[in-house]
Each structure stands twice: as C-alpha cells, then as structure tokens.
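Okay, everyone, thanks for coming.

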Amino acid sequence: MVDGTPTLPSEARTFAPDPAFVEQAVAGAGLAESASRDRMAFWAAQADELVTWARRPTETLDWSNPPFARWFADGTLNVAYNCLDRHVEAGHGDRVALLWEGEPGDSRAITYAELTADVKRAANLLSSLGVGPGDRVVIYLPQIPEAVVAMLAVVRLGAVHSVVFGGFSAESLRARIDDAEATLVITADGGWRKGSVSPLKPAVDAALAVGGESSVENVLVVRRGENPVDWVDGRDLWWHEALEGVDDEHVAEAFEAEHPLFILYTSGTTGKPKGILHTSGGYLTQVAYTHRNVFDLHPETDVYWCTADVGWITGHSYVVYGPLANGATQVLYEGTPDSPAPGRWWDLIEKYGVTIFYTAPTAIRGFMKAGREIPQARDLSSLRLLGSVGEPINPEAWLWYREVIGSGRTPIVDTWWQTETGAMMISPLPGVTTTKPGAAQSPLPGVLVDVVDDHGSPVADGESGLLVVSEPWPSMLRGIWGDPDRYVETYWSRFGDRYFAGDGARRDDDGDIWLLGRVDDVMNVSGHRLSTAEIESALVSNPLVAESAVVGAADETTGQAVVAFVVLRNKKRKSVTPEEAVVRLRAHVADRIGAIARPRTIVLVDELPKTRSGKIMRRLLRDVAEGREVGDTTTLADSAVMSVITAEMR
Ligand code: PRX
C-alpha cells in the first residue's frame, strides 16, 4: 500500500468513459473504424484536415525502398507557419499560446500574434547570420519562451535543430555539435533550477574550447540567469542585442514534406548516442492528430500542460509542435516541481486553471511519497484529463494519479511511444476506451503493432514477447543522422520490414497491451533513456578504473536506477579509499555525460562475472543489484565470482 491506495490486481478495476465526457469528446469510435477500413485514406485525411499545405500532397506513403519511408512526399509546407501564422490569419492572434512561469515566480503570457512576431524576427536574425535550409543549429537552453522561439525560427528557415537538454555536460554537447556539424549554437547565460541559477554558457565555452576547431561560427546567448559569462568577441552575440531593430515580417517559404525538421540524440545500445532524424509533413500530421485526439483538445477552452523539457522528444512533440499546430493554450514552466516548495506544480495548475496535464510516472511516484496532503491543499478541480509517458506506470501510481490528482473522475491516458516514433503510438482514447490501470492498451487508430517471439511469430495473449510496429507510420524516424547502416541494423534487421522497438510487451486476455520495459541495454531512469555502454565507457575513461559493468536496477521512485560494478586498477587501489573512489567516479560520470547519468550506486568489486568467451553477464549483476537470488551461473568462467560480489553488496 502506498499512501492509502489499495494495491489491486492490475486487471481488477476498469474505468468506463463518463457519459458527460463522451458527449463532448473529440475522438469517437468512428476514428478506429475509418482507420481500419482504409489506413492510407485515413492518414491522408488527417494530413488534409490538420495541416495547412502550400501544395497539398497527392501521395500518401512511398514504401518502395524500405525501411526508408516517404510520407506525403509531393506536398510542401512550412511547419512554423502551421504552428503560428495560420492561427493569426484565422483570427486567433489574441489567444494565449504560452503561459510561461519562471522558477523564481516571474511570468509572461504570450499570444499567438506575439509568438509569431517573435519567431519572424528571430528567423530574420538567424538568416542574417547565414542560417539557411538544411543547416544545423544546436539549441541548449532552459525551459524559457526563447527555446520555443528558437526552435520555430530554425524550422521556419528550413534549417534543422538539434536541441540538447540543458542537463547534458560540455562533452556531450560537443559530441552532438560535431556529429551534426552545427554552425550556430543558441544558449543562455543560465537558467533557474532548484532555487539557483544553473549556468549554461560556460558549458558551451568548454565544449568549443577542447577537441580542436569546431564547425560553430556563432553563439547566440539569451540573457536569463544574469550570471557572469565569458565572451568570445566575433563569435558570441547577445540574443536581445542582436534582435534590436530586426524586422518582424518574414514570409515563410514552403519545403517538401520530407525536408529534415530536427535531429534529436538519444541513447542506444552502444556508447555513441544516435541522432534520430525526423522530417516535416508526416511528423506534423501525427503529432497534431495524437495531441488532439488523445488529449481531447478543445483549443478555445482548454489549458494544457506537459511538464517535459523541450530537450526531450516529449517536449518537441507535445510542448512545441503538437500543441502549437493545434492552436492550444499551454503552460510552460522553467523549474522543478518542488521549488521553492513541494506543491509548486499544483500551485500552477490552480493558478492557470490547467485542464489537461501530461507528466511521467517517476514524478507521480515522487508525489505519492511526499503525501496526498500537498495536492489536496490546492484546488485541482479544473483538471479533466491526465496523461502519463516515458516509462511503465504501475497500477498503484495510476490509481493514485486518478484518485488524488484527478479527483477520481478524470480519464487517464498512458501513452507509449519513443524518440524514434516521433508521436504517440499506443494509448487509450479518452471518451472511447475503458481504461485499465497500468496498461497502454491499444494502438491508436492508424497504427499497427504486434507482440512477437524471437522469430517474429505472434505470441499468444498472456505471454510476453517483443513489441514491433507492423506498418510504417507518418511520424516515424527517417534515419540516424549520418549513419543509414546503423538505422537499418538497429530497427529493421531483426524482423524484416517490421520495426523493432526494443521494448518487451504482453497482451492480456482482452487483447490490451502492457509494456514491460526495455529488452536491450538501454535503461530508463525517471523516464530518461540512458545507455549502459555509454556510462561504462565514461567510467573506464577515468584512470582509477580497469573495468566496469553497468545495469539498470528496479527503483521504487525512478523506475530504474543506474548501478555500476567497477574494478579499480591494481596500481590505483592504494591511492584512494573505496569511499573516495566512489565519490570521484560518480562525479566523473556526471561530468562526462550529465547529472542524469550519475550512478545511484557504485559497487567496487575484484572481478566481473564473465562467460568463458569473455562476455560480461549483466543478467547476474542485475539480480544482485535488485537483491534477488542470483540466477544460473553455469556459463561463468569462474562461478565463485558471483558469491564474492553478492557478499560485497551486503
Ligand atoms: O521503454 C519505452 C519507454 O521509453 C522508451 C522511449 O524513450 P524515449 O525515446 O526517451 O521517449 C520517451 C518519451 C516518449 C520506450 O522504448 N516508454 C515510453 N512511454 C512508455 C514507456 N514504457 C511504458 N509505458 C509508456 N507509456
């Protein structure tokens, strides 16, 4: 039991849609019917209804060269125009687009007309700095309106953004700048986080100072933290100064539907992050479609809030492109949920009258721990729909979310998707689906998935298998930046022309889908994807370390936690105490990758469990890290190793 909510068998309770909700729901049963009647016609209709095209597409899907899909390929559009100008032209210029709140309590309400003018001005500035179609711009900003403005200004010009989450280190930033060969970085002096200013510009300076000359010509710096910063004359420009006197008229040029829109780096099974590439028309169609139907969006009356940072895919699709394409009014918040005090998020819901709220299970579990009194001291009655994303939501957290945050009446949509899928793929439809705590349930109309065994044959209901997407979808990734072979190898080599997601899944007796977590060496910590290989390579880059193995261990709050098993170099063992070594190594990982990758636990061991061929048996280490009885050790070269490690854990 957590916080008074009884633990029930997961399938024991279901929640049928409330008739009053059904009455006004955007989605109806007709959506699934029309998608199953003719999937291509269905997507063509969505593209036609939700997107304003400069040239309307006559083609839907070109899958003649799998796995390289082309959607709506003969259509042209400007994505920023779709998110901005067209709402102003339709008479909604006075509607608030962003209700922004800074962590210290400063706030700004920005209308669609204002946001459009800001983006036009920024596009003119970027163009005067030489940014044009196809150029890459790295964005490394806090959660401030300028982040949205910068992203939209880049895509308005047909350039490609690569947003790097502000929590990543200088080294991670540099790797992303180099991989994309970016010519411009847009950053800020710093942003507010947990009650103080967390500097960003110094990380950009550090990133550009090491490793030889970079592709970057200019660094544009937004003033936010007011913290002191170093300056490189000729390279660095203040955003506010550079924008002075710049024209706020700019005509958006149309680009082909398959024109690259953005790159977003995500962790894979190797040490090197993958630059996931998304393109324009198909992506916009599916983010707008899912945002509208899954969140039951009524743009005239709803106040929507997705708590994700724009540095992640959820921020791209459901803070920037989906909501703005749909003309929504949304809250954008700079800081953490507990600054200056626990309950800040609930204060914001009360203050802005938020109606639709989208967050991650880790946050919900954190609130459960803190106690229901905190949200219950606020008026949350404006909420009418809750969403979850990023990791499996356990039924207890689901029930608490509905009961305590949703006053026992709001539908909950548990949305499964990935950086690669671009938009939601599996989710209940509010007003249609009878929801089940803990299950993402059904592929959305227009999406086809299956649960298969190692050979690609569907498994029986009730059995666990691997999740595949059986047919291409509009917002699917178009590749890995600069590495088409890795794209084919990672997602398409296992099951032919079906997409391998890397997740385990199971269908229950009703045919509902339950997600079971990753089946590869990718961890999911607080809904953030981390690679075991990347953290291992950060650890072995420290002179103290001879060898390391990293596993994701189940964690009550964060879903998984990083646990590292480390063998110190013989020569170094005497130079540090074990406690010092652990402190230094945790800091080292944060420094190399970013604080999100810092191991929760580092266990110093004499040896790692390996097979006779030298492969590290992570499965056994996970058993130890999760406090389980260690499984079959017969394939180990030295079976005594595990008992030593188990003893060391205690
Ligand atoms: O394991 C799945 C998990 O998050 C992974 C994708 O991570 P990322 O690309 O960072 O995107 C996160 C936000 C979309 C998936 O492979 N995941 C995401 N949503 C869910 C989920 N697992 C279970 N249930 C979900 N609703």
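Predicted model: local features only at pLDDT ≥ 70, side-chain atom pairs only at ≥ 80, totals over all residues.

As background, most residues other than glycine have a negative phi, and most peptide bonds are trans. So where do we find exceptions? The peptide bond from Pro-66 to Pro-67 is cis, with omega near 5°. Pro-67 sits in the loop that runs between strand E1 (61-62) and strand E2 (70-71). Another cis bond goes from Ser-339 to Pro-340, and there omega is near 0°. Look for Pro-340 in the loop between strand E17 (329-333) and helix H13 (344-352).

Now phi. Phe-72 is not a glycine, yet its phi is positive, about 55°. You'll find Phe-72 in the loop between E2 and E3. Is Phe-72 buried or exposed? Phe-72 counts as buried because there are 30 C-beta neighbours inside 10 Å. Asp-296 is another non-glycine with a positive phi, about 50°, and its place is in the loop between H11 and strand E16 (303-306). Asp-296 has 22 C-beta neighbours inside 10 Å, so Asp-296 counts as buried too.

Strand E3 covers residues 76-77, and Thr-76 is in it. Thr-76 has 18 other C-beta atoms within 10 Å, so it is partly exposed. Now find Arg-55: Thr-76 and Arg-55 are 21 residues apart in sequence, but C-alpha to C-alpha they are 5.0 Å apart in space. If we skip neighbours within four places in sequence, the contacts of Thr-76 are Trp-53, Ala-54, Arg-55, Ala-254, Phe-255, Glu-256 and Ala-257.

Next, a pair of helices. Two packed helices are described by the angle between their axes and the distance between the axes. Our pair is H3 (residues 39-50) and H11 (residues 281-294), which pack at about 85° with their axes 9 Å apart. Angles of 65 to 115 degrees count as roughly perpendicular, so H3 and H11 are roughly perpendicular to each other. Who makes the contact? From H3 we have Trp-43, Gln-46, Ala-47 and Leu-50, and from H11 we have Gly-281, Thr-285, Ala-288 and Tyr-289. By class, the contact has five nonpolar residues, three polar ones and no charged ones.

Another helix to look at is H14, residues 361-370. How many of its ten residues are buried? Seven are, which makes H14 mostly covered. The buried ones are Pro-361, Thr-362, Ala-363, Ile-364, Arg-365, Phe-367 and Met-368. These pack against strand E18 (356-359), helix H15 (373-376), E19, H16 and strand E29 (559-568). After H14 comes Gly-371, with a positive phi near 110°.

Now the annotation. An unreviewed UniProt entry gives residues 90-481 as "domain: AMP-dependent synthetase/ligase". Over that stretch the chain is 30% helix and 23% strand, with the end C-alpha atoms 37 Å apart. The unreviewed entry in UniProt also places a "binding site" feature at a set of residues including Gly-390, Gln-418, Arg-518 and Arg-529.

Let's visit a couple of those. Gly-390 lies in the loop between strand E19 (385-389) and helix H16 (395-405). It is buried, because it has 24 other C-beta atoms within 10 Å. Not counting residues up to four places away in sequence, Gly-390 touches Thr-314, Ala-360, Pro-361 and Gly-527. Arg-518 is in strand E25 (residues 513-518). Arg-518 is partly exposed, with 18 other C-beta atoms within 10 Å.

Last stop: the ligand. There are 22 residues around it, and Pro-392, Gln-418, Thr-419, Leu-515 and Arg-529 come nearest. Two or more residues of the shell come from each of helix H12 (313-325), strand E20 (412-415), strand E24 (499-507) and E25. By class, the shell has eight nonpolar, nine polar and five charged residues.

Technical notes:
Residues numbered from 1 in each chain as written. Axes fitted to C-alpha atoms, helices over the stretch in contact; angles between N-to-C directions. Helix = DSSP H or I, 4+ residues; strand = E, 2+ residues; numbered from the N terminus. Parallel < 35°, antiparallel > 145°, perpendicular 65-115°, else oblique. Contact = placed C-beta atoms within 7 Å. Nonpolar A, V, L, I, M, F, W, Y, C, P; charged D, E, K, R; others polar. UniProt positions renumbered as here; feature names shortened; annotations may be inferred. Buried ≥ 20, exposed ≤ 12 C-beta atoms within 10 Å, placed from the backbone. Near = placed C-beta within 6 Å.
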